[in-house]
Amino acid sequence: ALINMKINNVDEMKSAAQEILKLGANKVVVKGGHLGADRATDILFDGKEFKKLHSHRVETKNTHGTGCTFSSAIAANIALGKGFFEAVSHAKEYITGAIEHSLSIGQGYGPTHHFFDLYAKAGIS
């Protein structure tokens, strides 16, 4: 929507990243979770280099808040001093786990489980 472009594959994701960078961004993440493959592939671009991040697709309807959680996790990792590619990679691992452990509560789209890793460390299921 930012660049009025339909994205159907990884090459178009890369083109979109270049166009978004021209709008004034310093670095870009183009999410590929809706491409329909068995893996979710994201494209990262820092203005010089592209990187691909892959994760398996988690079949669940409980994805409420994934975008906000992902972007917050990126910001938190950058605040911890991690570089762009490392910060996004850690955020991708985190959001994938939060989706895997999502909560089926209420009706409709449930939330991801933001504290799944802390529960696991505490031995709580």
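This is a predicted model: local features need pLDDT of at least 70, side-chain atom pairs count only at pLDDT 80 or more; totals for chains, interfaces and linings use all residues.
Is Lys 31 buried, exposed or partly exposed? At 43% relative accessibility, Lys 31 counts as partly exposed, because the intermediate class covers values between the 20% limit for buried residues and the 50% limit for exposed ones.

Lys 31 forms a salt bridge with Asp 42, in which the closest N and O atoms are 2.7 Å apart. This pair connects distant parts of the chain: Lys 31 belongs to the loop between β1 (28–30) and β2, whereas Asp 42 is in strand β2, and 11 residues separate them. The accessibility of Asp 42 is 0%, so this residue is classed as buried. Asp 42 also meets the side chain of Lys 92 in a salt bridge, with an N to O distance of 2.8 Å. Here again distant parts of the chain are linked, since Asp 42 lies in strand β2 and Lys 92 in helix α3 (residues 84–100), 50 residues apart. Lys 92 has a relative accessible area of 5% and is therefore buried. As a general principle, side chains of opposite charge can pair when their charged atoms come close.

Lys 31 takes part in a further contact. Its charged end sits over the ring of Phe 70, 4.6 Å from the ring centre. Another lysine, Lys 51, lies over the face of Phe 85, at 5.0 Å from the centre of that ring. Phe 85 also belongs to an aromatic pair. A search of the whole structure finds 3 aromatic pairs. In the pair made by Phe 84 and Phe 85, the ring centres are 5.2 Å apart and the planes stand at 55 degrees, so the arrangement is tilted; planes would have to be over 60 degrees apart to count as edge-to-face. Phe 84 has a relative accessible area of 12% and is therefore buried.

Strand β2 (residues 39–45) and strand β3 (residues 50–56) run antiparallel and are joined by 7 bridges. Within this pairing, Thr 41 has His 54 in β3 as its bridge partner. The hairpin has 4 residues between its two strands, and Gly 47 in the turn has a positive phi of about 95 degrees. A positive phi is also found at Asn 4, where the angle is about 55 degrees although the residue is not a glycine. Asn 4 is located in the segment before α1. With a relative accessible area of 74%, Asn 4 is exposed.

The search for salt bridges across the whole structure finds 4. One of them joins Lys 22 to Glu 19, with the closest N and O atoms 3.0 Å apart. Both residues lie in helix α1 (residues 10–22), 3 residues apart, which is about one turn of the helix. Lys 22 reaches 63% relative accessibility and so counts as exposed, whereas Glu 19, at 35%, counts as partly exposed.

Which residues make the nonpolar surface patch? Phe 115, Leu 118, Tyr 119 and Ile 124 form this patch, which has an area of about 400 Å². Leu 118 is placed in helix α4 (residues 116–122). Its relative accessibility of 49% means that Leu 118 counts as partly exposed, because the exposed class requires a value over 50%.

Two further pairs relate separation in sequence to separation in space. Thr 66 lies in helix α2 (residues 66–79) and, with a relative accessible area of 22%, is partly exposed. Between Thr 66 and Ser 102 there are 36 residues of sequence separation, and their C-alpha atoms are 10 Å apart in space. Glu 86 lies in helix α3, the helix that also holds Lys 92. Glu 86 counts as partly exposed, at 42% relative accessibility. Glu 86 and Ile 74 are 12 residues apart in sequence, with a C-alpha to C-alpha distance of 9.1 Å.

Terms used. Residues are numbered from 1 along each chain as its sequence is written. Side-chain values use heavy atoms; hydrogens and water are left out. Patches are made of residues with over 30% relative accessible area and no salt bridge: like charges are joined within 9 Å, nonpolar side chains (Val, Leu, Ile, Met, Phe, Trp, Tyr) within 5 Å. Accessible areas come from the Shrake-Rupley method with a 1.4 Å probe; for residues, only the protein chains shown count as cover. Buried means under 20% relative accessible area, exposed over 50%, partly exposed in between (1.4 Å probe, protein chains only). Rings of Phe, Tyr and Trp (its six-membered ring) pair if their centres lie within 6.5 Å; planes under 30 degrees apart count as stacked, over 60 as edge-to-face and the rest as tilted. A charge sits over a ring if NZ of Lys or CZ of Arg is within 6 Å of the ring centre and within 35 degrees of the ring normal. Two strands pair if DSSP finds at least two bridges between them.
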